[in-house]
Amino acid sequence: ILTPFVVAALLAYLGNPLVQRLVRYKLPRTLAVSIVFVALFSLLTGLLFILLPGLEKQLERLLHELPEYIQWIQLQVIPSINQWLPEDLPRFDADAVRQALQSHWKEAGGLLANIWSSIAHSGLALLGWLINLLLIPILTFYLLRDWESLVANTHALIPRNVLPTWNKLTHQTDEVLSAFLRGQLLVMLALGSIYTIGLWMVGLDFALLIGLFAGVVSFVPYLGLIVGILVAGLAAVLQFHGVAELPIIAAVFVVGQLLEGMLLTPRLVGERIGLHPVAVIFAVMAGGQLYGFFGVLLALPMAAVIMVLLRHLLQMYRQNSLYTG
């Protein structure tokens with residue numbers, strides 16, 4: 001129930017600064033909201049229409065070429081590994097590996113078939129999904145239109161004696177969240193584009209799939225670099241049947257990481273978040289452990305808000321007589 005409201009609130013939060021900028025140019029707020037709303041959903045729809053066909057083709061090609069990759073590993077890689085292993089260590093069993101892969105694929109296929117069967121036979125579940133998808137743009141429009149009044153009504157409920165502190169904390173929180181959300185989305189999009197173009201220039205068949213995946217997971221420091229090199233390196237070894245392209249692939253991700261650290265993050269995100277990489281990794285792991293996938297998505301924004309509160313508490317403590325003596 002809450003998912004469309006959360007998604008709509010996030011889209012409204014991202015689009016509200018553009019609405020405010022148009023209102024400053026003497027446009028009625030409803031007209032400004034309509035312009036931003038159409039532009040936002042046109043951009044999202046355009047990205048889906050551009051990316052989904054390419055991703056679908058690459059996934060189909062991966063499934064088509066997977067048996068060939070398994071056969072090459074069985075005939076070339078595993079015997080080479082066995083030659084280098086000491087005699088007292090157990091050998092890789094090619095047939096066991098092949099059977100394990102086949103069994104897992106069968107289980108995955110059965111799971112997908114069960115999921116599809118459940119969806120196909122449950123008209124209410126499918127109807128619920130469609131309603132949620134339709135609710136998101138409707139809720140986004142109304143939240144964008146009434147955002148200022150919602151903020152003003154909330155502001156009016158705050159006790160007057162704590163209002164200055166509330167204004168200060170909400171202003172700092174808004175700065176941190178806006179810097180993170182808008183900046184990090186642009187960084188992920190830029191890194192995904194850089195990785196995709198670089199891998200495409202190398203000649204990797206699954207450049208779009210791997211590049212976008214590495215860009216999406218790059219919100220965790222160095223995770224996009226590590227995952228990208230590992231996945232792209234494995235794909236290159238399977239495709240080219242050798243390791244000659246591995247240094248070039250590593251260079252693509254290293255260049256992307258350097259551009260992120262020296263140009264993208266300072267320009268697009270800035271230093272206002274101030275989360276140490278260790279704190280970022282801890283927040284993501286804790287969010288995933290507690291609330292799963294949505295916990296991972298919400299971990300860094302929540303950590304940024306907590307950081308603002310901790311800074312305020314630290315400032316109060318240093319002004320207290322317990323600290324000054």
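Leaving aside its neighbours within four places in sequence, with which residues is H312 in contact?

## H312 and the basis of the model

H312 is in contact with T165 and L169 once its neighbours within four places in sequence are set aside, contact meaning heavy atoms within 4.5 Å. H312 lies in helix α10, helices being DSSP runs of H or I of at least four residues, and strands runs of E of at least two, numbered from the N terminus. With a relative accessibility of 15%, H312 counts as buried, a term that stands for under 20% relative accessible area, whereas exposed stands for over 50% and partly exposed for values in between (1.4 Å probe, protein chains only).

The model is predicted, and local features need pLDDT of at least 70, side-chain atom pairs count only at pLDDT 80 or more, and totals for chains, interfaces and linings use all residues. Residues are numbered from 1 along each chain as its sequence is written, and side-chain values use heavy atoms, with hydrogens and water left out.

## The course of helix α10

Helix α10 covers residues 277–319, and although it has 43 residues, its end C-alpha atoms are only 29 Å apart, short of the 63 Å that a straight helix would reach at 1.5 Å a residue; the expected span is 1.5 Å times one less than the number of residues. At Y291, α10 bends by about 150°, the bend being the angle between axes fitted to the seven residues ending there and the seven starting there.

## Nonpolar cores

The largest nonpolar core has 22 residues, and those with the most contacts inside it are Y195, L199, L204, I210, A232, I249 and F253. Such a core is a set of buried Ala, Val, Leu, Ile, Met, Phe, Trp, Tyr and Cys residues joined through side-chain atoms within 4.5 Å. At least two residues of this core come from each of α2 (29–84), α6 (163–202), α7 (207–216), α8 (223–240) and α9, and α8 gives the most, with six residues. Apart from this core lies another, of 21 residues, among them L177, M188, F219 and V284.

## E260 in helix α9

E260 lies in helix α9 (residues 246–269) and is buried, with a relative accessible area of 11%. Beyond its neighbours within four places in sequence, E260 is in contact with V187, L191, S218, T265 and P266.

## The salt bridge

The structure holds one salt bridge, defined as a side-chain nitrogen of Lys or Arg within 4 Å of a carboxyl oxygen of Asp or Glu. The side chains of R145 and D146 meet in it (3.2 Å, N to O). R145 is partly exposed, with a relative accessible area of 33%, and D146 is also partly exposed, at 27% relative accessibility.
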